[in-house]
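I opened this structure to look up helix packing and a few single residues. My entries follow in the order I made them.

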Amino acid sequence: MSLDPVQIVEVSPRDGLQNEKGWVETVDKLALIGRLVAMGATRIEVASFVNPRRVPQMADAEAVVAGLPDAPGVRYIGLCLNERGVDRAIASRDGAGRGLDEAGCVLVATDGFGIVNQGQTVADGIVANTAMLAKARAAGLFAQVTISAAFGCPYDGHVPAERVVELAARMADAGAQEIALADTIGVGVPSQVGDLVGAVIDKIGEIPIRLHLHDTRGLAPANAWAGYQAGCRVFDSALGGLGGCPFAPGAAGNVGTEELVYLFGRSGVVTGLDIDAAVTANHWFAGIMGRALPSRVGKAGDFTVKGATVQEYSV
């Protein structure tokens, strides 16, 4: 039986770094992006266009975009929390259209987190994202949106699945070309993830679904597999399992890219990413950060026997 391949969206330059207290130099962010391209990443979230007083690590967003490597076949994403962010993403492109390829918008599924994160209620967010998606598409950017706190909120607690399905439908109607469901604080479990992914796919049809999973409670790889079984074929991850959200108390890092490449590769699902290159990049970036990165596969490496790598299962 042949299994559908997956696409992994690498978010370490943005979501992986946004919560870091120590400044990461622009040159190191660009070197990281170069490593991600070399290991096979074809979509990379490189920066967010936010107020640098609130997220100091993203103060060099325009400089990062200006220095992006020319990599045919690779799409670069800028995160936008408001219309001003979309304007900055559009302005960061040069006259030949080089620079960013996608605008990643964000709609929070709860009033509590939405007000803290973006200063807007859910109703405000629907209006704002409708305008943002239209503006991004008009400028030639691929316009996608993430529904944040889709599996639980640090302020409002439980989030009804019906609300998330309805928000996905509203964003589909607004012109979103892809919709991500984010477990922002890492509270989801496989049954919940599978059920919600299936319900959203049933509701919005052909629009691609993406999963953005944090590994706060160690369930992100299992949740990714549940999402795959329910029909999701695009997943966010961060090299080394870096990440967190400055406005979501208790949020830990993203699911590690190495974790997903190992999970899917050993399950017979093609990712297009090289696990050995990912582990090497992990160790290199650990030197930049001055500490070991959280990813377990980053520490253990691929499965080998007597020095020979055990090949992926054939299914």
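**Entry 1: helix α5**

Which residues of helix α5 (residues 111-118) are buried? I find G112, F113, G114, N117 and Q118. Buried means under 20% relative accessible area, exposed over 50%, and partly exposed in between, with a 1.4 Å probe and protein chains only. Helices (H or I, at least four residues) and strands (E, at least two) are DSSP runs, numbered from the N terminus.

I note the basis here. This is a predicted model, in which local features need pLDDT of at least 70 and side-chain atom pairs count only at pLDDT 80 or more, while totals for chains, interfaces and linings use all residues. Residues are numbered from 1 along each chain as its sequence is written, and side-chain values use heavy atoms, with hydrogens and water left out.

Next I looked at what covers the buried residues of α5. The cover includes β4 (102-108) and β5 (142-148); contact means heavy atoms within 4.5 Å.

Then I checked both ends. T110 caps the N-terminal end of α5, with a side-chain oxygen 3.3 Å from the backbone nitrogen of F113. A polar contact is a pair of N or O atoms within 3.5 Å; within protein, one must be able to donate a hydrogen and the other to accept it, and residues adjacent in sequence count only if both atoms are side-chain atoms. Just after α5, G119 takes a positive phi of about 70 degrees.

**Entry 2: α6 against α7**

I took helix α6 (residues 122-138) and helix α7 (residues 161-173) next. Their axes come within 9 Å and cross at roughly 30 degrees. Axes are lines fitted to C-alpha atoms, for helices over the stretch in contact, and angles run from 0 to 180 degrees between N-to-C directions. The two helices are therefore roughly parallel to each other. Angles under 35 degrees count as roughly parallel, over 145 as roughly antiparallel, 65 to 115 as roughly perpendicular and the rest as oblique.

The crossing of α6 and α7 is right-handed. A crossing is right-handed if the near helix is turned clockwise from the far one by less than a right angle, and left-handed if anticlockwise.

I listed the contact residues. From α6 come V122, I126, N129, T130 and L133; from α7 come L167, R170 and M171. By class, I get five nonpolar, two polar and one charged. Ala, Val, Leu, Ile, Met, Phe, Trp, Tyr, Cys and Pro count as nonpolar, Asp, Glu, Lys and Arg as charged, and the others, Gly among them, as polar.

**Entry 3: α4 against α6**

Helix α4 (residues 83-91) packs with α6 at an angle of about 10 degrees, and their axes are 9 Å apart. That makes α4 roughly parallel to α6. On the α4 side I see E83, V86, D87 and I90; on the α6 side, A131, M132, K135 and A136. This contact divides into five nonpolar, no polar and three charged residues.

**Entry 4: α2 against α11**

How far apart are the axes of helix α2 (residues 26-38) and helix α11 (residues 275-289)? They are 11 Å apart, at an angle of about 175 degrees. That makes α2 roughly antiparallel to α11. D28, A31, L32 and R35 of α2 meet T280, A281, W284, F285 and I288 of α11. I count six nonpolar, one polar and two charged residues here.

**Entry 5: N129**

I went back to α6 for N129. N129 counts as buried, at 0% relative accessibility. Its side chain has a polar atom 3.0 Å from the backbone oxygen of V106. Leaving aside neighbours within four places in sequence, N129 is in contact with C105, V106, L107, Q120, V145 and M171. L81 is 48 residues from N129 in sequence, yet 8.6 Å from it in space, C-alpha to C-alpha.

S148 is in strand β5. At 7% relative accessibility, S148 counts as buried. Not counting residues up to four places away in sequence, S148 touches V106, L107, V108, A109, F113, A182 and T184.

A149 lies in the loop between β5 and α7. A149 is not a glycine, although its phi is positive, about 55 degrees. A149 counts as buried at 0% relative accessibility.

**Entry 6: G272**

Buried or exposed: which is G272? It counts as exposed, at 53% relative accessibility. G272 lies in the loop between α10 (257-266) and α11. Not counting residues up to four places away in sequence, G272 touches M39 and G40. G272 and A41 are 231 residues apart in sequence but 7.6 Å apart in space, C-alpha to C-alpha.
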